[in-house]
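Subject: Structure handover

Hello,

Here is the structure I said I would pass on. My notes on its rings and cavities follow below it.

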Amino acid sequence: MGGSINGIASGMDTDAIIDAMMGVKRQQVTRLQLRRETEFAKKDAWTTIQSNLVTLQLSAYTLSRETTFNAKSVSVSDDTVLSATAGRSAVEGDYSFYVQQLAAKHQLTTNGFYDYDETTVGIGSISFETAAAKVVKDVDLSSLNGGQGVDRGIIKITDRDGISANIDLTSAMSIQDVLDEINKNTTINVTATVANDGLGFDLSDGTGGSGTFSVAEVDGSTASDLGILQSGASDSLYGSNVYYLTSSSSLELLNDGLGVDKGTFNINGTVVDISLAMTIGDAVDAINNAGTGATASLRSDGLGITLSGTVTSVSEDAGNIAADLGLFGMIGTGDGSDVLAGMNSVLLKNLNGGAGVSGTTILINGQTVDLSSASTLQEAVNLINNEYGTTAVSANYNSLENGIKLSSSAPITVAEGDGTVAADLGLAIGVSTGNSVTGADLDLQYIGANTRLSSLNFGSGVRSGDITITNKDGEELAFDMSEADTIGDVLDAINASSATSSVTATINSTGDGVLITDTTGGAGSLIVSEDGSGHFAEDLGIKSSVAGATIDGSFEQSITIANTDSLEDIRDSVNSLGMGVKASIINDGSSMPYRLVFSSENSGEIGEFIYDTDISVLSMNVSAQARDAILVLGEPGSDNAVYSSSSSNKVNDFIQGVELNLADTSDSAINIKIDSNYDDVIEAANDFVEKYNTLMDKMGDQLTYDASLGEGGPLFGDTNLFMLQQDVFQMVTRSVDGGSGNVTSMMQVGFTLNTSGELGINESELRNSLSDDMESVVEFFTLRGDSATSATVSVTGTDSGWNVAGLTDGNDNTSDYASGTTGWQYINGGSVEMDFGQNTLLSRLEIKGVGSTESDRLKSFDVEYWNLSTKDWSNYSSVVNNQNQDISMYFPTGITTSKVRLSNLQGYGASSKILEVNALQNQGFAAYIDLALSKMTDGGTGTAYSAQDTIEDNVELYDEQIASLEGRLAIEEDRLRATFVQMEQALNQLSSMSSWLSTQSSSLSANWRSL
């Protein structure tokens, strides 16, 4: 703008005149600025409401979490031994128990090295595998006596010199514990072993005395339960059989823990179905009820099944069911083969990855050893020892317990007999270079169809997820493994598509993993990969890309050691395997301070591993033995004591609903008291009430008009806010169905609403509800899921023979569609409308198609909903070129509407077809409130954010209008100033001319007078 131009010529205050004129014109700017300030006030109000919505959502989330309802308090008598937390399922009461042993991780340590990064260790390899591959199987005492177990207590053994010792077996959990307790006692000269047949215990006296050799009870029935309550005037006591099956024995125990396939097999050409069998007794009943002409019963020794009656053939139908029951190939009555190995042994048929042993004889030092009667490895070892005695060749297990070893005072010659027995037993053919033959890993099959995924990776399990297999022809195959529980589930999922994909999944030849095989003959790579960020393929050991036709997911892992590798290199190589065994280097401060340490990542016996190497300087010492935690409920040794073991010091299944974190053992009983404690729930409920009332007050203030002041809040009359207020109110007053309990409304459990709409809480009533029916209350607040909403269906038309009401009757049977009792079919362009009769917050829309062929699928359609604001149909989304039989359309933030319509339905043929259509809404407070509040607070579509976006658009528009108007006003002011300048200049010129004329006039007048 120009400077001051106050009238020099005119004498007028032109600045004041211009300012006055511009002031009138600037009133438009002032009005726009006031409107802009009003918008800012609205935005501030919406920001506050948005903040209150978020805090309410967080409060609701707390109230919808199951952990909030872990309404039990727990007190522990000695917190140095353990700490405990109790969930809602914990039963109130007092518990007394002992912590007899803590769980420990398996750990091995090398001898010392001078340094860790320079000294090399030699050339060779290192391998690791789980101790499940051991052929020496420790048996839990609970498995003895047909599953009745052993009453743990103290027994008294007296040797033949008359010396006695009390053997405390109150802490024994397995047969090895029993053997160790007896054999480590130095007071008596007695050795305990497992009997040759593996079914009981034998005791040997080494004193050379002549007295009575006896075992007696001190308390309880421990000796009797172990089968050794006896006495005699001999150097040996042979215990009775205590390891056998009963009709109640689980099928999962059979075949070295591989269990039995579920399915059908044939006896005498008649199908026997054991799909539902859980115990061996169930399997026997299934045979006897099948009408085969054969009668089944448990063998007299409890190691298998006997068939009597008529038996002409036993064959497989599919799978290995008959073989798993020990009956395959029987052509006459009698005993089936063993399905239970003896204690400390395994079945021969499970060696070599399940291929077993082929043949019956082996030649040792030229002498034939007949193994035809052996069904277990221990029996084969016994037959070798019986043939040669103790002075010739002795057979035992190797140091890793994954194979056998032959020893003698002279070199040993091994040769095959009538088959491949020697090779199958891991024994090298030929003459030994020393006086012993150490057998190779016998590759015991420990993974089968029944193996639970949770047991793999040393107990860490397999994380769920989806995988993709790309065959060598480049075809991608997607597999959903989220529900897989066993190896069998994995095999079934992959093999279901094998006919078209040419990819199969089987147990590998070493019985320790899954083998993926491609038979396409393609030139590409065979690839197994994860879908998304999952780890299923990795955890199962099959994540790989290979040029060959197979991927072997063996759980045995190995590394190759080069002649340049140090301890540090080995550590890094082992850790890169990612297999559950970690390597580290310690410094013990000695002259050779550096030691390589291998530790299981998982504690307990399930975390034990087998370490094997051919590098002598890397031989390992056991620095920590894998062991389970042991807890005893009640007094140890008493008849009513209950023993429990856990692989972890975090114990979740000893007392229901209570998590124990063990820190130490206890010499005296630890007492735990569990009481009800609903304080967390009450606190969460009160917080929700407070947050709800604060929000409703804020909205109420905005929507209230003060007649005395003649004004309302910044958002007075805002329809968005009014609808939001109604949505929030409906959220807490709505009944939710779908649960199995009796609670469907917050008002049933102590929440109240007064006449002014204020939410309250009756704490006493809420506590009573929690006490009387905790599960129903918890389900109401925490249930997540959705269910179909009832609706009245109308269509633009339907072909003759179809029942419109059948569209939402829950019947999706295609045969019923074909008969016209369900589903809908109409010429392309039709519509289907669902009327819910009330405003409903929908979570998704589900449309089931008639079939997967193109002529039966929907091709395209529009999804519309009744807009409550415009009172008209609004388009939500359009589906085009659909390729799926069934369609699920999710509403991420929900749709609140009374009606939904599928319009302009188009099929690939002349008609559009629908088998079933459902609109779904959330069940339970948790799911509903999450969706409702997400709808309100969503950063893209939430009511508050949308309102603020509109306000910001208005502010931006006002800013643009103000800026534009300010520009025009500046031009106008410049124009006015220019006009006044011109006026002053004109007046100044007139003034100058007037002065000249006056001068001229005076001059003329003077001249005139002079004349």
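A charge sits over a ring if NZ of Lys or CZ of Arg is within 6 Å of the ring centre and within 35 degrees of the ring normal. In this predicted model, R901 lies over the face of W873, 4.2 Å from the ring centre. R152 has its charged end over the ring of Y643, at 4.3 Å from the centre.

Next, the rings that pair with each other. There are 12 aromatic pairs. One of them joins F751 and F781; the pair is tilted, with 6.2 Å centre to centre and 50 degrees between the planes. F751 is in strand 45 (residues 751-753) and F781 is in helix 15 (residues 774-782), so this pair ties together parts that are 30 residues apart in sequence. F781 also pairs with F780, edge-to-face, at 4.9 Å centre to centre and 80 degrees between the planes. F751 and F781 are both buried, and F780 is buried as well.

Last, the cavities. The model has 2 cavities of 30 Å³ or more. The largest has a volume of about 60 Å³, and its lining includes D727, Y928 and K935. Helix 17 gives the most to that lining, with 4 residues. By class, the lining has 4 nonpolar, 2 polar and 2 charged residues.

The second largest cavity has a volume of about 40 Å³. Among the residues that line it are R734, F780 and Y928. Its lining divides into 7 nonpolar, no polar and 1 charged.

Regards

Definitions and conventions: Residues are numbered from 1 along each chain as its sequence is written. This is a predicted model: local features need pLDDT of at least 70, side-chain atom pairs count only at pLDDT 80 or more; totals for chains, interfaces and linings use all residues. Side-chain values use heavy atoms; hydrogens and water are left out. Rings of Phe, Tyr and Trp (its six-membered ring) pair if their centres lie within 6.5 Å; planes under 30 degrees apart count as stacked, over 60 as edge-to-face and the rest as tilted. Helices (H or I, at least four residues) and strands (E, at least two) are DSSP runs, numbered from the N terminus. Buried means under 20% relative accessible area, exposed over 50%, partly exposed in between (1.4 Å probe, protein chains only). On a 1 Å grid over the protein atoms alone, a cavity is a set of points where a 1.4 Å probe fits but cannot get out, and a pocket is an open set with protein on both sides within 12 Å along at least five of seven lines; lining residues have an atom within 4 Å of a point. Grid points are joined across faces, edges and corners, and a volume is the space filled by probe spheres set on the points. Ala, Val, Leu, Ile, Met, Phe, Trp, Tyr, Cys and Pro count as nonpolar, Asp, Glu, Lys and Arg as charged, and the others, Gly among them, as polar.
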